[in-house]
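Please go through the side-chain packing of the model shown here, one question at a time.

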Amino acid sequence: MGVCVSNSKVAIIQPSTQYSKGRDVFYTVETLKEYELLGLSEMDVEHFVDVFLVLKPDEVTVTVPIKNIVYLLDIESSSHVMALVFNKLASVKSNAGLTFREFVVFSWKFLSMSNTELIDFAFDCLSVGAESGLMTNKSLLAGVIAVHGDYSQNYSCESSIYHLMKLINESENGSLDRSVFRDTVRHIAALVMPIFNAYSKMREAIFGIRFWQLREVQAVRIKREPAVVDLMSRIQQSWI
């Protein structure tokens with residue numbers, strides 16, 4: 001099936017060379033065309049079915065709880081971080097589980113990000129309630145709580161916060177934009193680590209890092225295609 005399970009957790013899932021029959025209930029001709037827009041072949045979709053079946057809590061449930069993604073993919077992070085990641089990807093707030101279609105599309109959107117896109121995504125996660133493209137002290141602190149929860153005992157995290165707040169306070173308009181955040185991200189590794197960790201762990205577990213690295217450049221173009229923008233919008237609207 002292409003799935004390797006050890007100690008109740010999913011190890012690296014490599015593409016298999018055979019299809020598993022009787023599982024086309026997860027997709028239709030129409031949804032296969034949607035996945036093709038993302039550069040995913042029918043074989044790739046079959047691999048996603050492998051992962052989804054492992055993540056599903058039982059045979060009856062049709063969605064995957066986010067907590068299962070955290071545990072079964074061995075992501076060293078709490079459920080609220082993954083919930084934040086998927087909520088940001090979907091542009092809505094929800095604790096609902098993911099259908100197969102949502103799991104494929106949101107995972108592709110997250111795992112096909114380039115390093116720059118991932119840094120920008122971390123910026124968004126750490127800028128709660130901020131004006132688009134800007135980070136203030138208030139939005140930063142709200143973002144840190146959203147990503148880290150209680151960070152009071154984490155010295156490296158506090159050091160990163162002070163570093164960003166210093167840049168914000170020294171700016172002319174009391175805010176930080178994406179370009180400055182990108183330039184300073186190496187100095188605030190502790191702040192972005194939960195998001196980067198989730199990204200790396202999911203890449204490792206779902207087809208392996210190389211699979212996604214080969215799709216980064218193609219994905220940048222694909223994400224701008226009107227048909228893909230429309231697909232993302234329709235799925236985001238349904239995930240409530």
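Helix faces and aromatic pairs

Q: Which residues of α1 are exposed on the other side of the helix?
A: The model is predicted, so local features need pLDDT of at least 70, side-chain atom pairs count only at pLDDT 80 or more, and totals for chains, interfaces and linings use all residues. Residues are numbered from 1 along each chain as its sequence is written, and side-chain values use heavy atoms, without hydrogens and water. Exposed means over 50% relative accessible area, buried under 20% (1.4 Å probe, protein chains only). Helices are DSSP runs (H or I, at least four residues), numbered from the N terminus; on the other side of α1, the exposed residues are V29, E30, K33 and E36.

Q: Within what arc do the buried residues of α1 fall?
A: Helix α1 covers residues 29-37, and T31, L32, E34 and Y35 are buried there. Taking directions from the helix axis to the C-beta atoms, these residues line one face because they fall within an arc of 155°.

Q: What is the angle between the planes of F52 and F100?
A: Rings of Phe, Tyr and Trp (its six-membered ring) pair if their centres lie within 6.5 Å, and planes over 60 degrees apart count as edge-to-face. F52 in α2 and F100 in α5 are 48 residues apart, and F52 is buried at 0% relative accessible area. Their pair is edge-to-face, with 5.4 Å centre to centre and a plane angle of 80°.

Q: Which ring does the charged end of R215 sit over?
A: The criterion is CZ of Arg within 6 Å of the ring centre and within 35 degrees of the ring normal. The charged end of R215 is 3.5 Å from the centre of the ring of F211.

Definitions and conventions: Helices (H or I, at least four residues) and strands (E, at least two) are DSSP runs, numbered from the N terminus. Rings of Phe, Tyr and Trp (its six-membered ring) pair if their centres lie within 6.5 Å; planes under 30 degrees apart count as stacked, over 60 as edge-to-face and the rest as tilted.
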